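Hi,

Here is the structure I promised to pass on. Have a look first, and then read my notes below.

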Amino acid sequence: MPNISFFIPAYNCAETIAESVASIMETNFKIGDELIIVNDCSSDNTAEVLLNIKDKYPVIQTLIHKRNKGGGAARNTAIESATNDLLFCLDSDNILEKNSIKPLKSHLLNSDADIASFQEMRYFSSDNKHDTQYIWHFPPVVSMADFMADHKNPGSSGNYLFTKKSWREAEGYPEFAGSLDTWGFCFRQLAAGSKLVTLPGSYYFHRYGGDSYYIRDMNSRNMSLAALQIILPYYHIFHPEDFNYIMSNENRMNWFENFDSRPIRILGGQVGLKSISVNAAQPKPNAGLAKKIYYRLRNKR
């Protein structure tokens with residue numbers, strides 16, 4: 001079984017990163033793995049917290065950006081220093097379930113895939129990770145058409161397992177993309193031919209709310225234009241009518257925000273399948289039933 005290089009981009013995350021690191025190191029880190037943390041010139045006491053974390057886990061490698069370069073650059077810096085062929089990115093405020101990485105790695109290898117994601121993102125906003133507010137539930141396989149169907153896909157968070165080869169073929173995370181760096185990277189991976197699978201019945205905990213990277217970025221830039229800059233070199237993979245829709249004066253400034261109600265077709269007119277979103281108070285999706293429905297719908301296209 002190949003080893004994993006875990007990595008965490010860290011910016012002003014003093015209050016949350018210790019729990020994120022512990023979720024890797026306590027049950028998911030194996031001999032031969034590594035954890036690389038890139039401090040992207042934090043202005044709070046993240047650096048001090050990282051020193052304490054390294055005292056507890058000396059195997060951790062910490063790197064420092066002398067100026068703030070953004071999430072995409074921090075992720076690329078980590079991967080450039082990584083020595084293993086499998087990579088897992090965990091954001092500095094998210095948490096892995098205990099003993100969840102080993103089956104995810106097995107699923108990637110057994111599926112001959114380039115990317116393996118947990119099937120569920122369990123969103124929480126309190127200090128208790130089990131206080132789940134709502135859940136995103138992904139299909140067993142995520143194609144480019146599915147990726148362009150709505151915002152609910154593994155790339156929206158980027159917390160998944162992937163090969164270093166797929167990173168090279170995607171030409172890394174787009175460092176110009178701000179908080180869309182993970183969305184843009186996953187898009188690039190799929191555009192380069194990567195296969196993305198999800199592990200049935202698996203999940204991790206995704207913190208939301210507060211002063212998140214995405215919220216800060218959304219308040220300072222137009223997200224549709226940022227997303228357009230990412231996809232523009234790959235215009236040939238889209239249905240011409242849909243690419244013209246994106247490029248039109250009427251929709252250029254809002255197509256990404258309207259993604260959920262107006263999916264983007266790929267060449268050939270294929271429309272992707274949306275992922276499931278449920279309130280945590282509702283019954284959880286049945287993985288077997290969801291898989292049957294997914295393939296039944298896919299076979300009808």
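Before the strands, one definition: two strands count as paired if DSSP finds at least two bridges between them. Helices (H or I, at least four residues) and strands (E, at least two) are DSSP runs, numbered from the N terminus.

Please keep in mind that this is a predicted model, where local features need pLDDT of at least 70, side-chain atom pairs count only at pLDDT 80 or more, and totals for chains, interfaces and linings use all residues. Residues are numbered from 1 along each chain as its sequence is written, and side-chain values use heavy atoms, with hydrogens and water left out.

The overall picture: the protein chain has eleven helices and ten strands. Of its 301 residues, 56% are buried, where buried means under 20% relative accessible area, exposed over 50%, and partly exposed in between (1.4 Å probe, protein chains only). If you take the contacts (heavy atoms within 4.5 Å) between residues at least 6 apart in sequence, 77% of them join residues at least 24 apart.

Now for β1. Seven of its seven residues are buried.

What does β1 pair with? Strand β2 (residues 34-39) runs parallel to β1 and is joined to it by six bridges; there, F7 has I36 as its bridge partner. β1 also pairs with β4 in the parallel sense, over four bridges, and I4 has L86 as its bridge partner in β4. Together with helix α1 (residues 17-25), β1 and β2 make a right-handed β-α-β unit. Right-handed here means that, with the strands pointing away from the viewer, the path from the first strand over the helix to the second runs clockwise.

The other element I looked at is helix α4 (residues 101-110). Its buried residues are I101, L104, K105, H107 and L108. Seen down the axis of α4, they fall within an arc of 160 degrees, so they line one face of the helix; the arc is that of the directions from the helix axis to the C-beta atoms. K102 and N110 are exposed, on the face turned away from that buried side.

What do the buried residues of α4 pack against? Their partners are β1 (4-10), β4 (86-89), β5 (95-96), β6 (115-124), β8 (161-163) and β9 (196-207). Just after α4, D112 takes a positive phi of about 50 degrees.

Cheers
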